[in-house]
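Subject: Structure handover

Dear colleague,

Please find below the structure that I am passing on to you, together with its sequence.

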Amino acid sequence: CVLQSHECLEHKEPLKVFCQEDGSPACVICMVSSKHTGHTFQPLQEAASMFQEKLKIAEATLKHIMSNLNEYQRKQEWLISGIQNKAQSFEQHIKSEFA
């Protein structure tokens, strides 16, 4: 079964379940076929909800990482600015000594 407008391409039946082993939606005929023998299925809506929850967790994790990286970047930019100011000051001091 391949997802195309919520219908199994092979059997022209509605996709109602999700095959956990194959990671794909399936119709009821596919579910009982030999191709899926021993596979675990769950209702399609349940699988969709599970994936949505996983995406929310991944999004929250990435936002946290991004926040940490932004903070690190701000600190590095502050340090660079300080080093540039010291270098400029040192350069002016050297110029004044030899002027």
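Of the 99 residues of the protein, 13% count as buried, where buried means under 20% relative accessible area, exposed means over 50% and partly exposed lies in between, with a 1.4 Å probe and protein chains only. Please keep in mind that this is a predicted model, in which local features need pLDDT of at least 70 and side-chain atom pairs count only at pLDDT 80 or more, while totals for chains, interfaces and linings use all residues. Residues are numbered from 1 along each chain as its sequence is written, and side-chain values use heavy atoms, with hydrogens and water left out.

As to overall dimensions, the radius of gyration is 29 Å, whereas a compact globule of 99 residues would have one near 13 Å; the radius is taken over C-alpha atoms, and the globule rule is 2.2 Å times the number of residues to the power 0.38. Along the principal axes, the C-alpha atoms fill a box of roughly 90 × 25 × 20 Å.

The secondary structure comes to two helices and five strands, in the order β-β-β-β-α-β-α from the N terminus on; helices (H or I, at least four residues) and strands (E, at least two) are DSSP runs, numbered from the N terminus. Three of the strands form an open sheet with the order S4-S3-S5 and antiparallel pairing, where two strands pair if DSSP finds at least two bridges between them. Its edge strands are S4 (24–26) and S5 (41–43), each of which pairs on one side only. Strand S3 (residues 17–19) and S4 pair over three bridges, and Ser24 in S4 is the bridge partner of Cys19.

The count of salt bridges comes to four, each being a side-chain nitrogen of Lys or Arg within 4 Å of a carboxyl oxygen of Asp or Glu. In one of them, Lys35 pairs with Glu10, the closest N and O atoms being 3.8 Å apart. Lys35 lies in the loop between helix H1 (28–32) and S5, and Glu10 in the loop between strand S2 (7–8) and S3, so the pair ties together parts that are 25 residues apart in sequence. Lys35 is partly exposed at 47% relative accessible area, whereas Glu10 counts as exposed at 55%.

Helix H2 (residues 44–98) holds another such pair, Arg74 and Glu71, which lie three residues apart, about one turn of the helix, with their closest N and O atoms 2.8 Å apart.

Terms used
Contact = heavy atoms within 4.5 Å. Axes fitted to C-alpha atoms, helices over the stretch in contact; angles between N-to-C directions.
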